[in-house]
Amino acid sequence: MRYCINCCIHLLPNDLHRQCFRCRGPNHNNQKCPVCKEESKIPLYTDSKQMKLLAVLEVRTDHNESWNGVFCLRKGKLCSLIFGLIIMTLVMASYILTGAKHGLLLIPSPFHYGAFTSNPSLMDNESLSDMKDHYQPSKMNISYVKDYPSIKLIIDTITSKIEFITRQRPDSEELRKQEPHMFSVIPNKFLPNSKNPCWYEEYRGNTTTDPYATNSYALYSKRFRTIFDYLRKVFWNHLYHYKDKHYRLRCLPHFYIIGQPKCGTTDLYDRLRLHPDVRFSAIKEPHWWTRKRFGIIRLRDGFHDRYPVEDYLDLFDLAAHQIQGVLQSEAAKEHGKMNNIVIGEASASTMWDNNAWIFFYDNSTEGEPPFLIQDFIHAFQPNAKLIIMLRDPVERLYSDYLYFASANKSVEDFHEKVAESLQLFENCMLDYSLRACVYNNTLNNAMPVRLQVGLYVVYLLDWLTVFNKDQILVLRLEDHASNVKYTMHMVFQFLDLGPLSEKQEALITKSPASNTRRPEDRSLGPMLPTTKAILRDFYRPFNTKLAQVLFDDAFLWKRT
């Protein structure tokens, strides 16, 4: 038996709906109908039995009722649609107001970049997690757009503030107070019969002691554990016994490849280590002078325990073993043969990265670091030789961006990051000296691209305050790429290395270039012409000064 959902009353078997008041006609009034008013109270019956479970009801309605249902349904959908449109509008408005990226908007992004703090005392006790806290919204409220004239005004302001002022070199006593342990480990004099700076150090461990058990390089990096496993196996074979004591040969590098990143230092390293008289540290880039001795593995990870100088010296043990073999040979003992093996170290951060000074050194003058890396290297090795490889700073910055950017790389994104970095640098220059801004940790970590690394002359002049000019060889990547043989001969002559056979020279000069640009980065193509023009203007005064210091107009990079 079927039921009418409209009235919910017992229907006749003939399905005529005679007792259905609502079905009697269109004039039926729900309010007057006694059945409809009480329909919630009328039980359903099936075969004269009260139904206590849900029944499947066949709905039979007239067209008015059908359209009423549809109308209610449509009103619900309409409300949902309107609500969805409001949410989408709010989301789009939020996106536009927080800065459109990659040129997706039809209007320029109104995102404003912050200003650099003018209070150096705030930075003295600053933690790494708060590096960008001092960059508050700029009072100038400048919007960065792809507009050369507006950005050119910022560059003009920076240029007007440039002053190349000679820094005051700290005396040796001040250096000793800062690093007393380092001065207690490294002696003042080295072995006279070795071209490389080496000395014998008493080893107080026993045969069951692991000499590298506490080495931080081995502890913090799985990549280096294989190297140290080998060193453990051969360590005891290279101890020198004298008067019931054990001595190990310790060495520092004879020369350093100090910079710059993305300028061909890897290729130079790979070729130079093929020379029979050259050895390098067990790790290509230890970054000890600039980072590890301060406990920095990666700046974003904060500080770890500081790597002691002994951990750094361990990296040269393989080379020291070979030098020791020469010194203890019969020729050396009988004829005083000189050791001509030299050790190199190739951390490309050595020239420029002094970011950690603010966390460790006091007595800064107007935001400038009181001590630099070169002060300590010179204190121990006044005769050290330094090799610098440079390239057009405009191209270097773009290569740096392509190498280190993790996602969303594009020429438009690079342009935006250059523009942001320029304003941050300008904000600093309004309150601080050039040197203070170049070595400022907070600023350098806030800039999306490393503009400061291309300010070569600032770093070079500071290195020249402690080292003589004839101790520094400055090369150009452009020259190295066009004539590898010529630049390698310059390096061999600078380091006073022994002659090579034709086969050895061919191996060094004709091997493929190392660390070239990745294929996926090449597909992005060159930077935007506007970006290049902006960077040319920014670096021009620094390149001009560099060419003057080196007496070489090639460092103007006018043809690249």
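Colleague: Is aspartate 156 buried, partly exposed or exposed?
Modeller: Happy to start there, with the reminder that this is a predicted model. Buried would need under 20% relative accessible area and exposed over 50%. Aspartate 156 has a relative accessible area of 35%, so it counts as partly exposed.

Colleague: Which residue forms a salt bridge with aspartate 156?
Modeller: Look along helix α4, residues 148-160, where the two partners are four residues apart and therefore separated by about one helical turn. The closest N and O atoms of the pair are 2.7 Å apart, and the partner of aspartate 156 is lysine 152.

Colleague: How many residues apart in sequence are the parts that aspartate 210 and arginine 232 tie together?
Modeller: The side chains of these two meet in a salt bridge, 2.9 Å from N to O. Aspartate 210 lies in the loop between β5 (198-203) and α7 (216-220), while arginine 232 is in helix α8 (residues 225-235), so the parts tied together are 22 residues apart in sequence.

Colleague: How exposed is each of the two, aspartate 210 and arginine 232?
Modeller: Aspartate 210 has a relative accessible area of 29%, so it is partly exposed. Arginine 232 is at 26% relative accessibility, which also makes it partly exposed.

Colleague: Where is arginine 450, the residue paired with aspartate 400?
Modeller: The side chains of aspartate 400 and arginine 450 meet in a salt bridge, 2.8 Å from N to O. This pair links distant parts of the chain, 50 residues apart: aspartate 400 is in helix α15 (residues 393-404), and arginine 450 is in the loop between α18 (441-446) and α19 (456-463).

Colleague: Is aspartate 400 buried or exposed?
Modeller: The cut-off for buried is under 20% relative accessible area. Aspartate 400 has 4%, so it is buried.

Colleague: Which residues do salt bridges with shared partners join into one network?
Modeller: A search of the whole structure finds 26 salt bridges. Those that share partners join Glu201, Arg248, Arg250, Asp314 and Asp317.

Colleague: What is tryptophan 289 in contact with, leaving aside its neighbours within four places in sequence?
Modeller: Tryptophan 289 is among the core residues that touch the most other members. Beyond those sequence neighbours, its contacts are Met182, Tyr256, Phe294, Tyr312, Glu345, Ile373, Phe376, Ile377 and Phe380.

Colleague: How far apart in space are alanine 384 and proline 197?
Modeller: Alanine 384 lies in the loop between α14 (373-380) and β11 (385-390), and at 2% relative accessibility it is buried. Leaving aside neighbours within four places in sequence, alanine 384 is in contact with His254, Tyr256, Phe467 and Gln471. Alanine 384 and proline 197 are 187 residues apart in sequence, yet their C-alpha atoms are separated in space by 9.0 Å.

Note on methods. Residues are numbered from 1 along each chain as its sequence is written. This is a predicted model: local features need pLDDT of at least 70, side-chain atom pairs count only at pLDDT 80 or more; totals for chains, interfaces and linings use all residues. Side-chain values use heavy atoms; hydrogens and water are left out. A nonpolar core is a set of buried Ala, Val, Leu, Ile, Met, Phe, Trp, Tyr and Cys residues joined through side-chain atoms within 4.5 Å. Buried means under 20% relative accessible area, exposed over 50%, partly exposed in between (1.4 Å probe, protein chains only). Contact means heavy atoms within 4.5 Å. Helices (H or I, at least four residues) and strands (E, at least two) are DSSP runs, numbered from the N terminus. A salt bridge is a side-chain nitrogen of Lys or Arg within 4 Å of a carboxyl oxygen of Asp or Glu.
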